Amino acid sequence: MGLEPFTQDDQIFRDEDVLRDNYRPDDLIERDKELSEYQAALKPVIKGARPRNIFVYGQTGVGKSLATAMIMNRLLLDQENYPDIDIEVVELTCKSLTSSYQVTAHLVNQFRSQDEQITPTGYTPGMINDMLWRHLNELEATHCLIVLDEVDSIGKDDDILYELPRCNDNGNVEDTKIGVVGISNDFTFRDNLSGRVKDSLCDEEIHFPPYDADQLSNILMQRAEKAFTDGVLEDDVIPLSAAHAAQDSGSARQALKLLFKAGDLAREREAPSVTEQHVREAEKLIEEGKVKDELESLPTQSHLTLLAILMLSKGDALPAKTRVVYEKYVELAELADADVKTDRTIRDRLSQLTLKGFLGVEEQNDGIHGGSYHQYTLEVRTDIVEDALQSQTRISEVFH
Ligand SMILES: Nc1ncnc2c1ncn2[C@@H]1O[C@H](COP(=O)(O)OP(=O)(O)OP(=O)(O)O)[C@@H](O)[C@H]1O
Ligand SMILES: [Mg+2]
C-alpha cells in the first residue's frame with residue numbers, strides 16, 4: 001500500500017489547537033477569587049501609586065501564567081481611559097535562567113533592539129545591573145511591571161529579586177515606578193526565600209490552589225465546545241478526564257492533555273465518538289510516556305544497570321541476585337566502552353532504581369548458611385525500558 005492522501009476529514013476534532021497548552025481561552029473560569037485578589041493588588045497602579053510587588057504561587061497547571069497574561073492585558077487596555085497613566089509590562093520566562101546575572105541580562109535585552117542585544121556573559125554583576133537601571137530610567141512610562149514567570153529557576157542566586165523590587169527605594173530608578181510580579185510552582189523555593197527577598201518581593205502573595213474535579217469539568221467543557229465536533233464526546237468522557245486529573249494533580253494542563261489524547265486515539269481508530277475507553281487508554285499511554293521520560297533522564301550508570309536487568313529478563317533469568325546483575329553489568333559496561341564501577345556502586349544504583357519503582361526487590365534467606373540476599377525483578381514493561389534505553393546513543397550500540 002502506498003501513501004494515503006492528506007485530507008481535511010476529521011470526524012472528531014473541529015479545532016484541536018483549542019486543547020493545546022499555548023491556546024488562550026477568552027475567559028478564565030473557576031478563578032474568580034484569585035483574579036479579584038490579583039486585581040486588587042494591582043489596583044494602586046491604575047490610580048498612579050507605587051505598584052505592590054506580588055508573588056504568585058501554586059502547583060503546575062493551575063492557571064498562574066494564563067491569569068497573569070489576562071490581567072496584564074486588561075490593565076494595558078484599561079489604562080487608556082486615564083491619560084495621566086502610562087504602564088509598560090515586561091514579561092520574562094525565567095525557565096533555564098539559573099542566576100540573577102542571567103535574568104538581568106535577559107531583562108536588559110528585552111529593552112534592546114535585535115542588533116543591540118548583549119551576550120549574557122562578560123560583564124560584572126554591577127555592570128549588568130547598571131544597564132538595567134539605565135533602561136528603566138530611560139522609560140517614558142509612569143509605571144513598569146516586570147513579570148518574572150517560573151522565577152524559581154534562579155535558585156539561591158536571587159540577588160536581583162531583592163534589588164529589582166527595591167530599585168525605586170534605593171534610588172537606582174527614579175521617575176518610573178517599578179513593580180515586580182514573581183510566579184512560581186516550586187513551594188520549596190517560596191519557603192526558602194531569604195528574609196530580605198521575601199520582604200521586598202512579597203508585598204502580596206496570591207495562592208492558586210489545585211482545581212477539583214468539578215472545576216476541571218467546567219474548564220474542559222469550555223474548551224471541548226470549540227475543540228470537538230458536536231455530540232462526539234460521550235457523556236462520561238469529560239467527568240472521567242476531570243476526575244483523573246483532579247485526583248492526580250489538580251492541573252488543568254493535565255486534564256486538557258488527557259482529553260486531547262483520548263480524542264486523538266478515537267480519531268486514529270476512526271471511531272465515531274470519543275468514549276470512556278479512549279480516556280482510560282489515553283491515561284495509560286500518558287503514564288507510560290512519563291515513565292519513559294523518567295527512565296531516559298537517569299544517569300549512564302543507572303542506564304547500564306537497568307540494561308543488565310533487561311538482558312537478564314530477556315534470558316528469563318529474573319529474579320536475579322545482586323552478584324548476577326553485577327556480572328551482567330560489567331559485561332555490558334565493557335561493551336559500551338563505559339567506566340566499569342565497583343559492585344558497591346551498582347548496589348546503590350539498584351536501590352535507587354527500586355526506590356523509584358522501576359525494580360522490585362525480594363529478600364531471600366539462605367537456609368542453613370543463615371545469610372540473606374536480595375533478588376531483583378523488573379517492575380516496568382520491558383518494551384518501555386527497551387525504548388528508553390534505545391534512545392541513549394551509547395547504550396543503543398550494545399543492543400546490536
Ligand atoms: N481556569 C482556567 N480556565 C481555562 N483554562 C485554564 C484555566 N486554568 C488553566 N488553564 C489552562 O491550563 C493550562 C495550564 O495553565 P497555566 O499555563 O496558566 O498554568 P501555570 O499555573 O502557569 O502552570 P506552571 O506552573 O506549570 O507554569 C493552560 O493551557 C491554560 O490555558
Ligand atoms: Mg506557568
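I started with the 23 residues around ligand 1 (a heavy atom within 4 Å of it), and I29, T60, K64, Y211 and R223 come nearest. This is a predicted model, where local features need pLDDT of at least 70, side-chain atom pairs count only at pLDDT 80 or more, and totals for chains, interfaces and linings use all residues. Residues are numbered from 1 along each chain as its sequence is written, ligands are numbered from 1 and chains lettered from A in the order written, and side-chain values use heavy atoms, without hydrogens and water.

Next I looked up polar contacts (N or O pairs within 3.5 Å). A polar side-chain atom of T60 is 2.5 Å from a ligand 1 oxygen. For N185, a side-chain N or O atom lies 2.9 Å from an oxygen of ligand 1. L66 uses a backbone N or O atom, 2.9 Å from a ligand oxygen. The protein covers 95% of the 620 Å² of accessible area (Shrake-Rupley, 1.4 Å probe) that ligand 1 has on its own.

Then I checked what surrounds it. By class, I get ten nonpolar, seven polar (Gly counts here) and six charged shell residues. Domain 1 (31–207) and domain 2 (217–295) both contribute to the shell, so ligand 1 lies between them; the bounds come from an automatic or database assignment.

Last, I went through the backbone. L318 and P319 are joined by a cis peptide bond, with omega about -5°. S96 is not a glycine, yet its phi is positive, about 70°.

Methods:
A polar contact is a pair of N or O atoms within 3.5 Å; within protein, one must be able to donate a hydrogen and the other to accept it, and residues adjacent in sequence count only if both atoms are side-chain atoms.
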